[in-house]
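Welcome, and thanks for taking a look. Here is a short briefing to read alongside the model.

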Amino acid sequence: MMKIPPYLKKGDLIGIVSSASKIDQLIVEPAVELLRSLGFRVELGQHIFAQHHQFAGSDEERAADLQYMVDHKQMKAIVFSRGGYGTLRTLQSIDWKLFQQKPKWLIGFSDVTVLHSQLNQLKIASIHGVMPRYFYEENKATESFNTLLNVLKGKVVEYHIEPSTYNKAGHVSGEVIGGNLSILYSLRGTSMDIDTKGKILFIEDLSEYLYHLDRMMMNLKIGQKLERLRGLIVGGFSGMKDNGTPYGKTVEEIILDAVADYNYPVVFDFPAGHQANNFAIKLGCHATMTVDSHQVIFQQ
């Protein structure tokens with residue numbers, strides 16, 4: 001049975017921590033102000049702005065901050081300051097015993113997929129959603145942040161999405177899992193490799209070569225991660241690259257080729273990933289999805 005952390009109310013404490021690449025204080029400060037203006041208390045990790053080469057401090061400093069946050073008795077949610085690279089290194093020394101007894105929402109995307117996969121193994125839900133850089137735009141909260149806020153408050157969210165001609169129609173319900181495809185691919189064969197049987201898989205990525213996208217999708221197919229799905233959600237695949245000699249297929253064609261043998265709904269252009277619209281998704285939680293020629297409805 002999946003554990004669902006308590007939803008948030010005004011006065012609750014939210015932590016912001018760096019688990020991967022270093023971040024500028026000027027990016028985080030407006031996010032803190034926004035959360036406080038909404039009635040939340042905010043606590044920053046001790047080493048959130050530390051620098052060690054490309055990382056936000058040493059592995060030990062990042063791990064110490066995260067351990068403090070996951071053990072904190074009053075903390076109700078933990079937002080990761082950014083992605084980049086380093087969460088896998090941070091994760092190695094984390095003790096989840098207290099967290100499992102009193103779970104809280106972990107929020108982020110991209111490199112934070114490592115933590116989403118870890119929590120899925122622990123049977124604890126988490127949120128794929130925006131991080132501080134994307135909380136605000138032109139001095140106001142973004143639509144993506146507002147979807148995160150709705151999810152944190154326990155509201156039912158319903159996303160109506162324009163249909164893609166590449167979609168495969170159908171109606172499905174089930175647990176949503178996934179995140180950044182490159183991270184999921186890097187975790188194959190480890191203790192954090194996701195179990196996709198009977199699940200709705202969400203994938204997104206950034207700046208990958210088309211041939212490498214095919215490599216990752218073939219890995220999932222050969223590893224039987226695609227054949228037992230209930231549905232597939234394809235978010236943003238931003239800034240994709242090609243070789244001097246063109247690969248010969250688009251993102252959509254590569255993904256459809258990988259799932260051609262299976263009969264379940266597939267949604268393209270879902271508003272989540274490394275893009276302006278990065279709507280919150282509760283990973284580890286049940287969702288329903290209806291796909292037809294007129295629209296896509298995702299409810300959770």
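Predicted model: local features only at pLDDT ≥ 70, side-chain atom pairs only at ≥ 80, totals over all residues.

Residues are numbered from 1 along each chain as its sequence is written, and side-chain values use heavy atoms, with hydrogens and water left out.

- Strands here are DSSP E runs of at least two residues, and helices are H or I runs of at least four, numbered from the N terminus.
- β14 (residues 286-291) has Ala287, Met289 and Val291 on its covered face, while His286, Thr288 and Thr290 make up the uncovered one.
- Six bridges pair β14 with β9 (residues 170-180) in the antiparallel sense; pairing takes at least two DSSP bridges.
- Across that pairing, Ala287 in β14 faces Gly174.
- β15 (residues 296-299) is also antiparallel to β14, joined by four bridges, and the two form a hairpin with four residues between them.
- Gln299 in β15 is opposite Thr288.

**A surface residue**
- Tyr209 sits in the loop between β10 (200-206) and α8 (210-222).
- Tyr209 counts as partly exposed because its relative accessibility is 32%, between the cut-offs of under 20% for buried and over 50% for exposed (1.4 Å probe, protein chains only).

**Cavities**
- Rolling a probe the size of a water molecule over the atoms shows where empty space is left.
- A cavity is a set of points on a 1 Å grid, over the protein atoms alone, where a 1.4 Å probe fits but cannot get out; lining residues have an atom within 4 Å of a point.
- Residues lining the largest cavity include Leu184, Arg188, Asp193 and Lys225.

Conventions:
1 Å grid on protein atoms, 1.4 Å probe; cavity = no way out; pocket = protein on both sides within 12 Å on 5 of 7 lines; lining within 4 Å.
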